Amino acid sequence: MILKYDVLVIGGGHAGCEAACASANMGANTCLVTMDMNKIAQMSCNPAVGGIAKGQIVREIDALGGQMGLVTDATAIQFRMLNRSKGPAMWSPRAQCDRGKFIWQWRSTLDHTDNLDIWQDQADELLVENGEAVGVKTIWGVELRAKAVIVTAGTFLNGLMHIGRKMVPGGRIAEPAVPHFTESITRHGIRSERMKTGTPVRIDKRSVHFEDLEIQEGEHDFHQFSYISEPRPLPQLTCWTCNTNAAVHETLRSGLKDSPLYNGQIQSIGPRYCPSIETKLMTFPEREQHPLFLEPEGTDTNELYLNGFSSSLPMDVQISALKHIPAFRDLKVYRPGYAIEYDFFDPTQLKHSLESKIINGLFMAGQVNGTTGYEEAGGQGTIAGINAALYAGAAGCDSVATDKTFVLHRDEAYIGVLIDDLVTKGVDEPYRMFTSRAEYRILLRQDDADARLTEKAYHLGIAKKDRYDLWMQKKEAIEEIETFCKTYHIKPKVINGALEALGSTPLVYGCKLEDLVARPELNFAKLEEVIPELKETLNRPTSRKEEIAEAAEVHIKYKGYIEREKVVADKMHRLENIKIKGHFNYGELQQLSTEARQKLTAIDPETLAQASRIPGVSPSDINVLLVLMGR
C-alpha cells in the first residue's frame, strides 16, 4: 500500500506533535507516524513543562501558533515562576502536569487539526531518490510518500536501556527500540553518534511519610504559558522536598561496581546539567546531601516522580538507598530508574531551517539532533514543521520566509539561539537551553514572546486570526499604558508624601510618571494606590489586565537596557547580512589558521556572523574573511 502526503512526520513525541501541527496548520497535507497513538507526546521523564530558559521556549512556541503552552495550561497541576528574585529577563515559567491528561489533551488537539492524519506504525527505512527524501517504508510494508520528511524519533533509534548490569533494547520503558532506521539514513553520508539519558524511580504515594517532607506550594496568580488559554482548570497540587544523607550515599557507593556508568557498560555522554545521583556522588564527593523533589504525576494517581534521583544503579541498590531517607522508610516503588542510550545525528549537518545539507527535503528535530528536554524538542519541531511545509509548497508568506525558509535569529528567540548553537557548534553532550546561552536575553523575555513572534506566525499562516487579534488588542493596551506614563506629569507637592511612605526619595522637580516607574523600589501596584489616573488606565483593558500591566511595566523599567541591547544586535545583523556560503574554498586559504580551515570546511557557514560563532574560528580569521570579501 502507498499513501501520499505533502509532509511526513516520523515520531509522535513533543517535536513530532509540534511539527505535525505546524505543517498542517500551514495547509500542508500532513501525516504523523507514531508507534502508539495512546502515548502521543508522552512525558518520558519529569511530567513538567518549562523551567529556566525552557519556559521562554514554550512561550515562543505558543506565540508561533504552537500547541505546547495550551496543552500545558489545560493539564497543569502546579505552576511557578522561577527566578523571581532576579530581573525579568531571567523569569521562567514552569508547570507540573498531569501526565495522562497531557497525552489525551495532545491527542485531542491532533484529532481536531485539519489537514492532519495519524498512522500507527513503525518507520523502518527512509526512502531517498536522487538525493531527496521521498518517504518511508514501515515494518508492515506500507510506503508513505511525501515531498518532505521530518524525523523526530526521540530516544528510539537503536535504543538500549540499562538497570545495573541488565540491558534491554527499548526506546522507553516497556516500548520497543527502532532498529535499521538509523542505518537507512547514515548510508547516505549522514553521521550518527550515541548519547545517554536517564530517568528516576517512580514512587507509590501510599508508602510515603509526608510529615517528614517539606511542602513546596505552587503559585495561583495570572501567569500561564499560552496567551490564549483559559484559567487552569485542574486542581492545583503541592510538591515536596527532602535531602539525601550520608547513609543514602554509602548505600549508593556500594553499588557503583555494578553501575553501567562506571563499569564500562555505557560509553556515550550523558547530560551534564541533569546528572544521575551516582554522578553527583562522584563529581561532588564532599557534599553530605543532595536535594530531592517529590512531584505528583497527576490528580488521579498515586504515582510520584522523584526529581533529582535519576539513576541506572541496580534496582535493589536504588530502593535500599532511598529507605534511609525518613520519609521513604516504608518505600514502595512502581519501577526503578534506568538509563537509555540512543542514536542521534550530528546537527552541524543541518541548515538553520533544520533541513539536511546532505539529503534534500529531510528535516530533523528533537533528540535526534542531540538535544534534551520536551521544550527544546517542541521548539525545533515547530521550526521544522514550518520549513517542511514551505519546502512542500504550502502557502507561506514570502514577507517572513526568505528563499522558502523561515529562520529565527539569536536576537529574536531562544529557539533561534538553540538552533544556531546546534548547527554552528554541534554537541558533545545532550544540549539543554539556559538563559546564559543567549547573549540578548533582555530582548528574549518570557513576557514578550508574542510581541516578537506572533505577527510573523500569522503571516506564515500557522497562527490563526483569533490569536493575532488578541495580540493586537494586547499591543494597543500596552502602548496606551506606556503613552500615559510618558505624558502624565507628576508634581512634587502631590506625590512626595507618598514617596516617603514607600521608602523612595522625594522629588525636587516635577517629572513624568515613567521616571517613577523606573525606580527599582516602585511599581504599578504601589503607584496606582496614590495616582487614581494610573489605576484607571491599568484597569481599562477588558481582559488579561495583569498580563498587560506586567508587560508595560517591564518595558518601562528596562527601556534603557532593551534599547542598548537592540543596538548591539543590530551591529551583529550587519555580519548576518554578509553571505559567505559558496564564496570560498577554505582549505586553500592559508591566511586562516589550520583549525579555522577545518571547522569552516566542515560546517560551511551561511554568513560571516555564523562563521564568527564557530568554536576555533578566531576574530582574526573573521577579519581575513572580511578583507577577502572586499569589505
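Trainee: Where is Glu 60 placed?

Mentor: Glu 60 is in helix α2, residues 54-63. Helices here are DSSP runs (H or I, at least four residues) and strands are E runs of at least two, numbered from the N terminus. Keep in mind that this is a predicted model: local features need pLDDT of at least 70, side-chain atom pairs count only at pLDDT 80 or more, and totals for chains, interfaces and linings use all residues. Residues are numbered from 1 along each chain as its sequence is written, and side-chain values use heavy atoms, with hydrogens and water left out.

Trainee: Is Glu 60 buried or exposed?

Mentor: Glu 60 counts as buried because its relative accessibility is 0%. The cut-offs are under 20% relative accessible area for buried, over 50% for exposed and partly exposed in between (1.4 Å probe, protein chains only).

Trainee: And which residues does Glu 60 touch?

Mentor: Leaving out residues up to four places away in sequence, Glu 60 touches Ala 413, Tyr 414, Ile 415, Ala 449, Arg 452 and Leu 453. Contact means heavy atoms within 4.5 Å.

Trainee: What joins the side chains of Glu 60 and Arg 452?

Mentor: A polar contact of 2.9 Å. That term means a pair of N or O atoms within 3.5 Å; within protein, one must be able to donate a hydrogen and the other to accept it, and residues adjacent in sequence count only if both atoms are side-chain atoms. In sequence, Glu 60 and Arg 452 are 392 residues apart, yet C-alpha to C-alpha they are 8.5 Å apart in space.

Trainee: Switching topic: how many aromatic pairs are there?

Mentor: Eight. Rings of Phe, Tyr and Trp (its six-membered ring) pair if their centres lie within 6.5 Å; planes under 30 degrees apart count as stacked, over 60 as edge-to-face and the rest as tilted. One of them is Tyr 273 with Phe 434: centres 4.6 Å apart and planes at 70°, so edge-to-face. The two sit 161 residues apart, linking distant parts of the chain.

Trainee: Why does Tyr 273 count as partly exposed?

Mentor: Because its relative accessibility is 44%.

Trainee: Last one: which strands pair with β18?

Mentor: Among them are β10 (residues 160-163), antiparallel over three bridges, and β12 (residues 192-204), antiparallel over eight bridges. Two strands pair if DSSP finds at least two bridges between them. Eight of the eight residues of β18 (residues 338-345) are buried, so β18 is largely enclosed by the rest of the structure.
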